[in-house]
Amino acid sequence: MNRNLVIGGTVSLLVLAVALVSLVWTPYPPTRIDILHKLAAPSAQHVLGTDPFGRDVASMIMEGTRNTLGVAIVAVLLGAGLGVPLGALAAARGGWFDALVMRTADLAFAFPALLTAVMITAIAGPGAVNAMIAIGIFNIPVFARVTRGAALSVQARDFVTAARATGRSEAAIVWLHVLPNIAPVLIVQVTIQFALGIIADAGLSYVGLGTQPPAPSWGRMLNDAQTFIYRAPLLAVFPGLAIMLSVLGLNLLGDGLRDLLDPRLESRR
Amino acid sequence: MAKHIGASAFAILLALTGPALAAKDTLSLGMVLEPPHLDPTAGAAAAIREVVYANIFEGLTRIDAKGEVQPGLAESWTVSPDGLTYTFKLRANAAFHDGTKFDCGIVKFSYERAVAADSVNAQKGFFEPIVSTACPDPATAVVTLKRPTGLFLFNMGMGDAAMVAPNTAATNKANPVGTGPFVFKRWVKGDRVELERNASYWGKAPALRAVTFRFIADPSAAAAAVFAGDIDGFANFPAPETLDRLRGDKNFAVVIGTTEGKTILALNNTRKPFTDIRVRRALAHAIDRKMLIEALSGYGAPIGSHFIPTDPGAVDLVGVYPPDLAKAKALLAEAGIAPGTEITIKLPPPGYARRGGEVIAAMLEQVGLRAKLVPVEWAQWLDQVFKNSDFDATIISHVEPHDLDIYARDKYYFNYNSDAYRSLYKSYVEATDPAKQLDLVGQLQRKLTDDLPNVFLYALPKIGVWNAKLKGMWTNSPIAANDVTGVSWAE
């Protein structure tokens, strides 16, 4: 059994479970303040302590998980939903269309992704929805390029030629032959982009451009904790751990999935 | 040979200690808000005065650290027995930074400009009592008033009444030219304003050679800059949670004082649901001011009206709307506000707004109101909220002293519109008997508490943090200013 897959899968499932549980239950309402019990240390009442306003840190992390996953999921769906068809079409059509899609992707790659996301949210206004769009836009060229590269190698194989000889349309070939064969590559890419999406969301929230207060987010919790580092260092530790664990889990999961799904790598083991 | 080595060692030692022996003569002060421009006669933002007041621009009088009136560009004055004629004796050797001579013509120009039809002065009311400014000779200004005005000398010491020269008045916003002991050097937008000593100042030369105001809105960046010594201090430090650590460090002085800042949850009185007094009162019952203060810094006192509790004439109205969730809910229900109704609160950068907003949102949630928090930059706030009244609610601190007049204005951003208050205010400014004035100040406060155009939160504390070797920083803020003319380094 693949160790990366087990660890990564477990951690990722755990993160997902926390997000799902937060939909129906958190120890306290995450926005409920209790000034008299501010900056409490972890205890039986508050497992991870309380923040400067007396809010329960565990509840905030739980809802923060949900908010972050929401942004990352939509961003990946947006990127894959537009990027995969574009890439597959570019590979199938070739010619000027291929050149246009790939040069546009190159152009997009030339901009630092996070910086441009900051620009987009600064123009469109801060908020979770704009963060989703900003991060999602940068997933499009990634998926387009990965899809095209993988699809080209499939397009050249005999069974595709055979299908073409039997008179199948290009669209049918892409749908029936190309996509199923490149699915493993895409699944791995999804986990990578998902992890990057979590980091990007945390980064945007950290500078105040992501999920807006009072809704909790990991990035803003980190920022808020900064000046309290001398009084309550744990305030910065917990959201930091949450970001680290979820990204690590997804990366391990991606590695494990690649080992499992990509036949080209298997022979090397 | 040994002697030789000894001599060079001594020389090296001298070279190393040399810079430390020379007393430091530059100052770098942090500010949370960047001024929109640098003309104190053309805008309400306190940040303008916090850079230019007494440093670049001066008025006939000036306000000192205790809030008392001192001679400024007028070295002395006499008031006629009827209180209507002020005769100012002007400084003979004062001049603007560009060489323009200061005389009575400047006084006449400055005061007449402030009330002109196209004036954008934020305190036109200061100049409204003036009938005329006459110049019997260049060194004497005679100002005649319509009615005795108790605060006239104080008002003429405010930044809004600063002396400006006709040839530079139009360009003061970007290139301020005043008569003060510091000359404007440059403004790096978004970062800092630099001033340097005015070599030909008319009065006592300041100890500092150069002053830089750095704009750092983010509390963690502000704290880091202070800890690292990048800046010498903050007159209003935005990260009170680090005070315990700063107090334990003998390199820093932590000085808690008072300001004239009335921190309020300002409501747009022409927008639903705030048109309904029951809703406004419900908000007041929903917000626990003591808890809010505790959450922000632990310093500052609750207020029940638009008045600082320690100012003369203050009436204690804090208890009129005690924290009472049941009552707040009942009032909202009575006003027909469904639970879950959303209100938008625009939050400017200071901590009392950004952090206070989160606390207030949580308090409002307990009575069924959903507060949508919208952080806005300072320039946006001034434009959207203050200038165009485009807001539902906002949190802001009014740091001008004696500003009960803002509720009597025809047009002010929160759109309070009460003829009863206006006539009460009119009788206040026209009252000449001090006892009657105090009584009317009390009535004005009560009227505001009763009508509750805004929810009055707390008196903003002045949390000063600076290098322990700095001398002459103000403890309190009787007016919004960073008067550094008396600041020096001990050593």
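Two salt bridges are counted between chain A and chain B, a salt bridge being a side-chain nitrogen of Lys or Arg within 4 Å of a carboxyl oxygen of Asp or Glu. In B:Glu294 and A:Lys38, which form a salt bridge, the closest N and O atoms are 3.6 Å apart.

Before we go on, a word on how to read this. This is a predicted model, where local features need pLDDT of at least 70 and side-chain atom pairs count only at pLDDT 80 or more, while totals for chains, interfaces and linings use all residues. Residues are numbered from 1 along each chain as its sequence is written, chains are lettered from A and ligands numbered from 1 in the order in which they are written, and side-chain values use heavy atoms, with hydrogens and water left out.

### Where the chains meet

Contact (heavy atoms within 4.5 Å) links 18 residues of chain A with 22 residues of chain B. The area buried between chain A and chain B is about 1800 Å², and carbon and sulfur atoms give 63% of that area. Buried area here is the accessible area (1.4 Å probe) that two parts lose on being put together, summed over both. On the chain A side, A:Phe53, A:Thr227 and A:Tyr230 lose the most area to chain B, together 31% of what that side buries.

Five residue pairs, both residues at pLDDT 80 or more, are in polar contact between chain A and chain B. A polar contact is a pair of N or O atoms within 3.5 Å; within protein, one must be able to donate a hydrogen and the other to accept it, and residues adjacent in sequence count only if both atoms are side-chain atoms.

### The disulfide in chain B

Over all chains, the count is one disulfide (a pair of cysteine sulfur atoms within 2.5 Å). B:Cys104 and B:Cys135 form a disulfide with their sulfur atoms 2.0 Å apart. B:Cys104 lies in helix 3 and B:Cys135 in strand 6 of chain B, so the pair ties together parts that are 31 residues apart in sequence. Helices (H or I, at least four residues) and strands (E, at least two) are DSSP runs, numbered from the N terminus.

The table gives relative accessible areas; buried means under 20%, exposed over 50%, partly exposed in between (1.4 Å probe, protein chains only).

| Residue | Relative accessible area | Class |
|---|---|---|
| B:Cys104 | 0% | buried |
| B:Cys135 | 32% | partly exposed |
| B:Asp451 | 16% | buried |

### A look at B:Asp451

B:Asp451 lies in helix 14 (residues 434-451) of chain B. Neighbours within four places in sequence aside, B:Asp451 is in contact with B:Ile277, B:Arg280, B:Tyr416 and B:Ser418.
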